[in-house]
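Biologist: I have the sequence and the coordinates open side by side. Can you walk me through what the side chains are doing?

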Amino acid sequence: MKPSLPQGTRDFSSAVLKKRNYIFGVIRNVFELYGFEPLETPAMENIETLMGKYGEEGDKLIFKILNNGLHLPEKHSNAQRDFEQVLQGKTSKGISERALRYDLTIPFARYVAMNQGQLTFPFKRYQMQPVWRADRPQRGRYREFYQCDADIAGSSSLLHEIELALIYSTVFNNLQLPVEIHINNRKILQALAEKCGGTSHMMNITIAIDKLDKIGMDKVKQELRERGLNEERVALVEKYISIKGDNQTSIQQLSTLLGDIESAKDGINEILEILQAVNQTMPSTKICVCPSLARGLNYYTGTIFEVKAVGVEMGSIGGGGRYDDLTGLFGVKGIAGVGISFGVDRIYDVLEELNAFPEHLQAGTTALIFNTGIDKSHLINVASLLRNHHISCEIFHEAVKFDKQFKYAEKKQIPFIIIIGDEELAKNTVTVKNLKTGKQDSIAPASLPSMLSL
RNA sequence: GAGGAUGUAGCUCAGCUGGUUAGAGCGUCUGAUUGUGGUUCAGAAGGUCGUGGGUUCGAGCCCCAUCUUCCUCCCCA
């Protein structure tokens, strides 16, 4: 058979993996610096843990795993009955009782709900694992991709929002990737919805205005009309999303427009507090109030974040926010959550486009020891010497002509080659050649490590 | 899930209106060159033309199905 990959999945070659691991490493370091601890959960969850948590669209995009043993004769009648359910678009435990994880937030909520008795609250965890979606792949959109999440469960303190914003700022600063952090608050959107005829319009409004950047004002208005808002209310929403300018101006206009509603006041005050703290701690952070930021996910209730790269056409490379009732769906009330997520695949693309990966990442083997046909023990001794000094090296696998060994070194971009043959043995030296400069030296074996670690 | 484009050597791509033995560049391998690479030169290998059917005397090219990748919508990271 011809080998191939399932649609929307990828192999990661060494060159790509080194860059990806660099991103993961930077993020992990910052997470741990703020006291987050790692968590891993299984690739698969019970299907009812996931179903109904991501809306109707989400359910369709969950990868379901077929049960084993459906072919057994004693299960036939049940299996056939259960499959009827599937044909009608429903799920059936008789056919599938497990599914692949769709994001990291719901498994986290499940974990917190299961272990609430044992955890120390506020519980701060980070998680970097692949998730799966049965979406149609496009560029920058895969069926298997990684998410990097940091969440805090069991605290409503605004301190967490502040620290999460600082984490964003630090990570992208460390990656040397210029970004803008957009911030808004669901409480303000709720106030807007109230003015537009009640909170039942919340979803209609958020879905529509979240697309402002993508489809433009006219189409947003059109969509609002289609979603049942009258002209007066459409005009109000237009006024709202037209708010522009620096943070102070935006906040002032928000107050003027919605300040008579309690929830709007709360939201505005929260934003003010976050801005003040972030600007004081890391003044270089570009954080801006963005009224049209809504985020599609329904479970957000307070602050919402989104991060955009500056100077590159790309969707958001990170997002998150506060959700007041994290574990309610699993029967545990009163645990608030707040978290952020990094879109590693997109960050990768942006860094690639900006050529912002550090050069040293591609470094592999430092030295290749030529195989000159002398007794292997001499070569292995030199290799051990280097490795004991944490210098990576390889011994060429067969004693062939130098031409081949040079070309191997060149292809693997190994910067140094070491020759030990009869001549060197007789004089108790080694020959070292720098392949970039072409410079070659004959030195004592003991001085190899210091020479190569430069 | 709906609509559109695409697939030819390891890679990037030519291939006329359906007509003999499907080409190029790069890469790979061999030699010039058995202890000195990158350059150069000579040569070679490498293809069930995505897959399966069909039309035709004849299909890389036309038709149908299917898969991949990409684009738009939906939704999202």
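Modeller: One thing first: this is a predicted model.

Biologist: How are the rings of Y22 and F357 arranged?

Modeller: Their centres are 6.0 Å apart and their planes are at 65°, so the pair is edge-to-face. Y22 lies in helix 1 (residues 14-33), while F357 is in the loop between helix 14 (344-354) and strand 12 (367-369), so the pair ties together parts that are 335 residues apart in sequence.

Biologist: Are Y22 and F357 buried or exposed?

Modeller: Both Y22 and F357 are buried.

Biologist: And F31 with F36, what sort of pair is that?

Modeller: Tilted, because the planes of F31 and F36 are at 45°, with ring centres 6.1 Å apart. F31 and F36 are both buried as well.

Biologist: Which residues form one aromatic cluster with F31 and F36?

Modeller: Y126, Y168, F172, F305 and F342 form one cluster with F31 and F36.

Biologist: What lies over the face of F36?

Modeller: K124 does, at 5.3 Å from the ring centre of F36. There is another case at Y102, where R133 lies over the face of the ring at 4.1 Å from its centre.

Biologist: Back to F172. What does F172 touch, not counting residues up to four places away in sequence?

Modeller: L177, V179, V307, I317, F342 and I347.

Biologist: On to the largest nonpolar core. How many residues are in it, and which touch the most other members?

Modeller: That core has 96 residues, and I167, F172, Y240 and F342 touch the most other members. Helix 6 (residues 159-174) supplies the largest share of this core, 8 residues. There is also a second, separate core of 17 residues, including A367, L379, I420 and V430.

Biologist: Now charges. How many salt bridges does the structure hold?

Modeller: The structure holds 21 salt bridges. In one of them the side chains of K93 and E48 meet, at 3.8 Å from N to O.

Biologist: Where do K93 and E48 lie?

Modeller: K93 lies in the loop between helix 4 (76-87) and strand 4 (98-100), and E48 lies in helix 2, so the pair ties together parts that are 45 residues apart in sequence. E48 is partly exposed, at 43% relative accessible area.

Biologist: What does D151 form a salt bridge with?

Modeller: With R125, and the closest N and O atoms of the two are 2.9 Å apart. D151 is in strand 6 and R125 is in strand 5, so this pair ties together parts that are 26 residues apart in sequence.

Biologist: Does D151 count as buried or exposed?

Modeller: D151 counts as buried, at 2% relative accessibility.

Biologist: What about D403 and K407, how far apart are their closest N and O atoms?

Modeller: They are 3.5 Å apart, in a salt bridge. D403 and K407 are 4 residues apart in helix 16 (residues 402-411), which means about one helical turn separates them. D403 counts as partly exposed at 41% relative accessibility, and K407 is partly exposed at 45%.

Biologist: Which residues are linked with R10 in a network of salt bridges?

Modeller: R20 and D345.

Biologist: In which sense do strand 7 and strand 8 pair?

Modeller: Strand 7 (residues 179-185) and strand 8 pair in the parallel sense, over 3 bridges. Within that pairing, I183 has V289 in strand 8 as its bridge partner.

Biologist: Last one, helix 5. How many of its residues are buried?

Modeller: In helix 5 (residues 105-115), 9 of 11 residues are buried, so it is mostly covered. The buried ones include I106, F108, R110 and N115.

Biologist: And what covers the buried residues of helix 5?

Modeller: The cover includes strand 2 (44-46), helix 2 (47-50), strand 5 (123-132), strand 6 (144-153) and strand 10 (318-323).

Technical notes
Residues are numbered from 1 along each chain as its sequence is written. Chains are lettered from A and ligands numbered from 1 in the order in which they are written. This is a predicted model: local features need pLDDT of at least 70, side-chain atom pairs count only at pLDDT 80 or more; totals for chains, interfaces and linings use all residues. Side-chain values use heavy atoms; hydrogens and water are left out. Two strands pair if DSSP finds at least two bridges between them. Helices (H or I, at least four residues) and strands (E, at least two) are DSSP runs, numbered from the N terminus. Buried means under 20% relative accessible area, exposed over 50%, partly exposed in between (1.4 Å probe, protein chains only). Contact means heavy atoms within 4.5 Å. A nonpolar core is a set of buried Ala, Val, Leu, Ile, Met, Phe, Trp, Tyr and Cys residues joined through side-chain atoms within 4.5 Å. A salt bridge is a side-chain nitrogen of Lys or Arg within 4 Å of a carboxyl oxygen of Asp or Glu. Rings of Phe, Tyr and Trp (its six-membered ring) pair if their centres lie within 6.5 Å; planes under 30 degrees apart count as stacked, over 60 as edge-to-face and the rest as tilted. A charge sits over a ring if NZ of Lys or CZ of Arg is within 6 Å of the ring centre and within 35 degrees of the ring normal.
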